[in-house]
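Please read it with the structure open beside you.

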Amino acid sequence: MDCVRFDLIRFDSADSFLPSLTFETKPQGKPTVHSVPRMATGVPVFPPARTLAFHDGCFAESGKNRSFGGEAEADAAGEASSGAVALECPSRSFPEEYFRCGPRLSSMESVDTLHQALAGIALAVAIAVALVVAFLPEKRRWRWLQGQKKQKLRRQEEGRHTEPNSRGEGTRCRSIDASGDPRTAAKKEFLSRAGDDYGYGGSQLGHIDGWRPREFPALQTPIGHSEQRTQGREGGIADGHSDCESSKSHNDNGTAFEREVYLDYAGAALPSRSQLERAFAAASAGPVLANPHSSGPAASRASEDIEKSRRRVLEHLGASPGRYASLRLPEGPRSGQDISPQPPSAMDVHPGYEVLFTPGATEAFRTVAERFPWRPGGVDRGGGGGGNEEKRSIFAFVSNSHNSVVGMRAVALRKGAAFCCLTPEELQQLTSVGDFERLEDRVLENHSVEKKCQNNNDNDKPHNTNGPRKGCGRHGMREHRRHLLVFPSECNFGGDRPDAKSILAAARKSGWHTMLDIAKHAATDEVRLNQLDPDFAALSFYKLFGHPTGLGALLVRRPSVEVLLEASTVGGGHYQGGGSVDLVLPFRGYTVPKPGLASLASGTCHFRGIADLSHGFDALERLGGMPAVHRHAVSLAGELARRLSEMRHANGRMVVRIYGAWAGRGGEHRQNNGIGPTVALNVVRSDGSPVGYSEVSKLASLHRPPIQLRTGCFCNPGACQRALGVGEETALEHYRTTGHVCGDHIDLDGGTPTGAVRVSFGKDSLWEDMDVFVRFLETTFRNHNPETSPVVTGGNAPGHCEPKSGPEESKVSVSELYLFPIKSCAAQRAPKWPLVLPSGKLRYDREFALVDRSGTVLRLQKHPKLGLVSPVVDLEAGTMTVSAPGCEDLVVGLSETLYHGGENAVRVCGDTCGGRVWGDASVSDWFASFLGIECWLARYDSSLATDRVIKDRPGFSNEQPILLVSESAVATLNGVLSEQDQPPCTAKRFRANIVVKGHTTRGGHPASDRCHGHAEDEWKTVRLSRNHRLEFSVEGDCPRCAMVDYDPETGQKGKTLRALASYRRRNNGRIVFGIFLRASEGILPDTSSLGAGNGDRGEEGSDAGTIWIREGDTLECKR
């Protein structure tokens, strides 16, 4: 019996190192696979099974007669058996050049070769396993063996539940009885409506449920995935349960991490694992790339990669020159000719686009703004009157533009242009030459009368042109026009899309130049620039496929290149240096720029990132291209809009208010193909009051699995203000009074939202991602009880307890006393410490802070090493000694007459207060050296108060001078942490000044009772027993942020805030723990009674503005 060896030959790709394949064939039966090679990572080379046929001496794909034989086919044909023999080969679809027929072997040779190979492989594997197991510690060895068993069971389970997709390949989308799981039933119902639009079933990769867990192991897994066993469990923060049994995964190093739900594709796409592997393999194992400005083979390769990527960008965006573009005469100044896209049967004569790589879309807008030949107007180009006075340039943009577009306005105004901001409705009405003429007349008339623009023409001289601008269709001659209209083809706020094609066509006939922001549109849909026909377009590639970041492109219509070069040819004062020039004469002041767009690129481009673009485009093509991405993402956005529009509180009110294009839509997603897959919304309580976006974002991050959203105005203030009904005057007043900026924590202003929540889908989104978000809203914000006031978690108010009967007054003792001399740094425990009146704060508590160069206070959650900085105040010496691991102690003087630096505004949690840089350069160097960030020590100074300063702030504390927590409250929390398999914490984690113990439970309830372990919630006043003149008023609960997640001693992050959110969240969304105290107004210590038998006189000296508090003091607390 003869055997045939088929070898996998070398081919140019990331898999070029694969070993050969050997098959044994039998004329009358199925062949046996001798070996199945694996990649170096241990992943099988061949995923799902394919069928090949052996015929005429070579293998061919069954039914397609495609030869894999190559040159050996003729030699083998005469000796092969007749007919086809089916080969079940676990192989991928390799192109035919990857296989060739090898020499024939005798049966004995084949068997001997097989036995020797198998014996050698078995011996090597046994030795390797024995060595690994022998050298592993006993505990790790046990874990490793358990892991192997789990992997075996997982593979068996996947084999039982794998279903074929539309191409006959296996996926991990299980067919589970819908009656057993409502989530599965909902997904099956969605799939029946979405059809082939969802999931890429017909793509090279197969259905998304099969490859998403492999390509994105850190993200939520689909229903039926092998690691997801629990069906129908509701996730959330209230009970700590996860949406899946295994909410954690492990990276290649064995480190556990929590899977997340990613819903911010409008912010950035995610690069797939295979895309990054290919990019890194090409960079590490491929040829060397050098600076393309150099000469030599490595530089030539870099230049070739840049040109290949440039062509790839043009192909992807439909921006390549037409087939017959070279037959057309060069396009001169704009004419009235209608160059709207020709019918498909006509020859393509579009001139195409040039590509200038930039650091991003924002840089592309800046380049056009600075290079566009703006004209201040009023110059007689004809030289002698006659009505040839040029028009003032107009910069027009749309109110729902990204602020990168709005930023162009400052450059246009500086160069003498007028500007006009259009509403989306006004933009859509610009469909004819007459519409643009009326817009021009209106803008220029308003500009001349109201003088709104700010001109700065001292250094910007009028620029010459090559001749008059001719023709504006039937409306006659309009000379010397340089107007620019910029708008997005898709709004990044709510997915709205204008009829860009008709608007751009009318603008071209009217003599206007146009620029299209396609950054959001191109991320999830096909963009054909040859059909849209703008002069300029901008995008960022990380929006498309995640990697590389910091790379975008400016696309310029070829005839419009001269527009951007017009100012440079007459010495427009632009920067010219680096790679943008051909000749520079330093002494003569003479510069010759490079031709074309190369003169706009001053430095070395990101050539390595540009080379990686091909891997991103390949990833999109494997999904079926951008039309498939759009259908997939829009199907999810439509489903989200449908489910949110149907969600109601028990009293019938809507839970969610949707803005933008998806408002009032949903249902059949095929009706929504003209909308982007972005849904902007705000959550509304059952009484109609809005929920702030900060509350939604915080609780989403604490959800299991955590949800990544975008909140605020998304760098689109115009669309945001329009959606919320907030006028510009209101926004300006809010900024002046509160300092509110886009995306900060100030999410409500007098009950009105200042921003929104954005959910955006992309190429890798799952139905499960959308479903997790919907159920998060249902379990967290929907009120199920029509008889109750609006509450926060499924009709229950976990942060509130009804008042219980009990004594009106209780006593507790001070068990721990802390001050925090430097904000966010370690605490100083003090057996006794002076309290300053009338402010009521502990002396030197939070009097210092570390600030960055912008004046923002460094906080523990962003700089965990702050917890290792230990300041200790010596009252007698008047110094503060600061220590940190590996550093010599730093001694800082506290005397007010000592040195200090400049006066600065210091920002603490968004609020502004006064501070002075304290200490000389050695102080800042000490902190910067340990923390690894440039920073300065600042001391609070109330005398620097301004209109926007909280003048009565007690130092750098967030709200009030004293923070109190109880040991019983900490014990209650530790019970919750234990239920969630988290380590316990101590009172130090909450950075309280006073920790109390004693009878702090309500009505005899145990401290372990979540609702009754916080008796301090009902206190109204707290009084020092040994001195009744010192009384504190309770100013409210202390809202908590992610800082409580960090252990103050180690800097390690835990899940404390998530545990608190499960039972300590108020109706206003705040997660609270502890209470704020402030000394009652008018209280001063009675110096006549101080020191009567208690030694206070000697401690306080003659300072009548302080009183001492000690550990062990009794506090009387009244309800």
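1. The sulfur atoms of Cys-713 and Cys-720 lie 2.2 Å apart, and a disulfide is taken here as a pair of cysteine sulfur atoms within 2.5 Å. By this rule the count comes to 1 disulfide. A disulfide is a covalent bond between the sulfur atoms of two cysteines.

2. On the basis of the note: this is a predicted model, in which local features need pLDDT of at least 70 and side-chain atom pairs count only at pLDDT 80 or more, while totals for chains, interfaces and linings use all residues. Residues are numbered from 1 along each chain as its sequence is written, and side-chain values use heavy atoms, with hydrogens and water left out.

3. Turning to the cysteines and their cover, Cys-713 is buried at a relative accessible area of 10%, and Cys-720 is buried at 1%; buried means under 20% relative accessible area, exposed over 50%, and partly exposed in between, with a 1.4 Å probe and protein chains only. Cys-935 is in no disulfide, and the nearest cysteine sulfur, that of Cys-825, is 9.2 Å away. Cys-935 counts as buried, with 1% relative accessibility, and Cys-1117 is also buried at 1%.

4. For the chain as a whole, the model has 27 helices and 48 strands, where helices (H or I, at least four residues) and strands (E, at least two) are DSSP runs numbered from the N terminus. Of the 1119 residues, 49% count as buried. Taking contacts (heavy atoms within 4.5 Å) between residues at least 6 apart in sequence, 71% join residues at least 24 apart.

5. Thr-514 is found in strand β18, which covers residues 513–517, and Thr-514 counts as buried because its relative accessibility is 1%. Leaving aside residues up to four places away in sequence, Thr-514 touches Leu-484, Leu-485, Leu-504, Ala-507, Asp-533, Pro-534, Asp-535 and Phe-536.

6. Asp-535, one of the residues that Thr-514 touches, also meets Arg-508 in a salt bridge with an N to O distance of 3.4 Å; a salt bridge is a side-chain nitrogen of Lys or Arg within 4 Å of a carboxyl oxygen of Asp or Glu. The pair links distant parts of the chain, since Asp-535 sits in the loop between α15 (529–532) and β19 (536–540) and Arg-508 in helix α13 (residues 500–509), 27 residues apart. Asp-535 and Arg-508 are both buried.

7. A search of the whole structure finds 49 salt bridges, and two further pairs deserve a look. In one of them, the side chains of Asp-582 and Lys-594 meet at 3.1 Å, N to O. Asp-582 lies in strand β21 (residues 581–585) and Lys-594 in the loop between β22 (590–593) and α18 (607–622), so this pair ties together parts that are 12 residues apart in sequence. Lys-594 is partly exposed, at 27%.

8. In the other, Glu-1116 forms a salt bridge with Arg-1023, the closest N and O atoms being 2.9 Å apart. This pair links distant parts of the chain, with Glu-1116 in strand β48 (residues 1114–1118) and Arg-1023 in strand β44 (residues 1021–1024), 93 residues apart. Both Glu-1116 and Arg-1023 are buried.
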